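Let's walk through this structure together, one region at a time. Keep the sequence and the 3D view open as you read.

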Amino acid sequence: MAIKFGVFVPQGWRMDLTEIEDPAEQYEAMTRVARRADELSGYDSIWVYDHFHTVPEPTKNTTFECWTITAGLARDTRRVRVGQMVTCNGYRNPALLAKMASTVDVMSHGRLLFGLGAGWYEHEWRAYGYGFPDVPVRMRMFREACEIVHRMWTEDDVVFEGEHYSIDRPINEPKGLQKPHPPFWIGGGGERVTLRLVARWGDACNVFGDPDTLRHKFGVLRRHCEEVGRDYEEITRSTSVNVHLLEEGEDPEKATREARGRRSYEEYAEQFRIGTPKQIAALLEERAEAGVEYFIVYLPRVAYDHTQLERFAEEVIPALS
C-alpha cells in the first residue's frame, strides 16, 4: 500500500489562532489552510481535534468545535477527505454520532473519515458536565459505542442493550455515501481493549510512538486480528507526528523561536520533530518500515503562513511516495 498523508488544520486547540482577533477571520484562516491542502497533490486528508479547551492548559481562546467544523470543511473543500483525530466518545451519544457522521459523509460526497476514541482531557469532561468516569468505565463505554456506530451504519432495526447505552431500532437514513460505510478510525494504542476493538470494528488505527513501539503495537493488533478472524492487511495503520521543517543550514533554535512562544527549545523539541525535509523524510521512513501506512502531521503556524504546509507536500511527501 502506498504511504498516504493527512494534515491537521489550525482550529485553536493548540493555541494556533491566537494572533488573529476576529473569530470569523480565525475560521477563514482555518479554511484557507484546508483549501490549500486540497489544492496540493500530496495530502489525502485534513484533520481536526475533538476538544473544547486549549492545551497545554485551558485558556479563554478560540477552540472551534470538532463536528461543526468537520461539516463546514467538508463543504469548503472538494478533494481531500476530512477526519477527526479523534472524536471523544463521552461527549456525544453514539447513536446520535452515527447519524451525524452519516449526514456529513453525504455532505462531503463520500469523503468522511470517522475517528473515535475513549477520551482523556479531564478538565473538559468536568467543565461540560460529563463527569469523568475512571478508565475501566470509559473503556466499557467506548466498546459499546463502537458496536453501536458500526451497526447503525450497516444494519436496519438495530436493538442494543448495554451497561451504558441502549438503542431500540433507530432509523438512520441515509447511512452514508461510502460503501460499506464511512471508514472507521479508532484512536489509541491500548493493547487489551483498544487494539482489539480495532480488530473487531475498525478500518484504521492511530497509535503513537517510536519505531520500536509502533512495531510492537502493530504486532499486538495482528494477534487480535488472528483471534477474531480479521484480515490484518485490511486495517490502515497510522500515526500522528508533529513536524517543524528547517531550511538547509538553518539554526534550529532560532528557526523555531516564533513557533514555540514561551516554550524553551528543549520543551518544543520534545513535542516536534525538527529537521530539514531530508531528515524528516528519513525519520518517517523508519516508521514506515515499522508498519505505518498513513501519516497525519501537525505543522506550526500554518494559520499565518502556508510555507510549512507547502514545503512538506513538495519536499517530504515525494521522498516517501
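This is a predicted model: local features need pLDDT of at least 70, side-chain atom pairs count only at pLDDT 80 or more; totals for chains, interfaces and linings use all residues.

Covering here rests on contact, meaning heavy atoms within 4.5 Å, and buried means under 20% relative accessible area, with exposed over 50% and partly exposed in between (1.4 Å probe, protein chains only). Helices (H or I, at least four residues) and strands (E, at least two) are DSSP runs, numbered from the N terminus.

Residues are numbered from 1 along each chain as its sequence is written, and side-chain values use heavy atoms, with hydrogens and water left out.

Now turn to α3 (residues 94-107), where you will find S102. Is S102 buried or exposed? Its relative accessibility is 0%, so S102 counts as buried. The side chain of S102 forms a polar contact of 3.3 Å with that of W153; such a contact is a pair of N or O atoms within 3.5 Å, where within protein one must be able to donate a hydrogen and the other to accept it, and residues adjacent in sequence count only if both atoms are side-chain atoms. A polar atom of the S102 side chain also lies 2.9 Å from the backbone oxygen of K175. Setting aside neighbours within four places in sequence, S102 is in contact with W153, N172, P174, K175 and G176.

K175 is buried because its relative accessibility is 17%. Its side chain makes a polar contact of 2.6 Å with the side chain of E173. Beyond four places in sequence, the contacts of K175 include S102, M152, W153 and D156.

The backbone of this loop deserves a look as well. The peptide bond between E173 and P174 is cis, with omega about -10 degrees, and P174 lies in the loop between β7 and β8. A cis bond also runs from K179 to P180, with omega near 5 degrees, and P180 is in the loop between β7 and β8. R169, found in the loop between β7 and β8, has a phi near 60 degrees, a positive value in a residue other than glycine. R169 is partly exposed, because its relative accessibility is 45%.

A positive phi turns up at D157 too, near 55 degrees. D157 lies in the loop between α5 (135-154) and β6 (159-161), and at 54% relative accessibility D157 counts as exposed.

Next, look at E19, in the loop between β1 (4-8) and α1 (23-39). E19 is exposed, with a relative accessible area of 52%. Apart from neighbours within four places in sequence, E19 is in contact with R301 and Y304, and the side chains of E19 and R301 are joined by a polar contact of 2.7 Å.

What about the cysteines? Taking a disulfide as a pair of cysteine sulfur atoms within 2.5 Å, the count comes to 0. The closest cysteine sulfur to that of C88 belongs to C66 and is 10 Å away, so the two are too far apart for a bond. C88 is buried, at 5% relative accessibility. C205 is in no disulfide either, as the nearest cysteine sulfur, that of C225, is 8.8 Å away. C205 is buried too, with a relative accessible area of 1%.

Finally, visit helix α10 (residues 265-271), which holds Y265. The C-alpha atoms of Y265 and E253 are separated by 6.1 Å, although the two are 12 residues apart along the chain. Not counting residues up to four places away in sequence, Y265 touches P252, E253, T256, R260 and I274.
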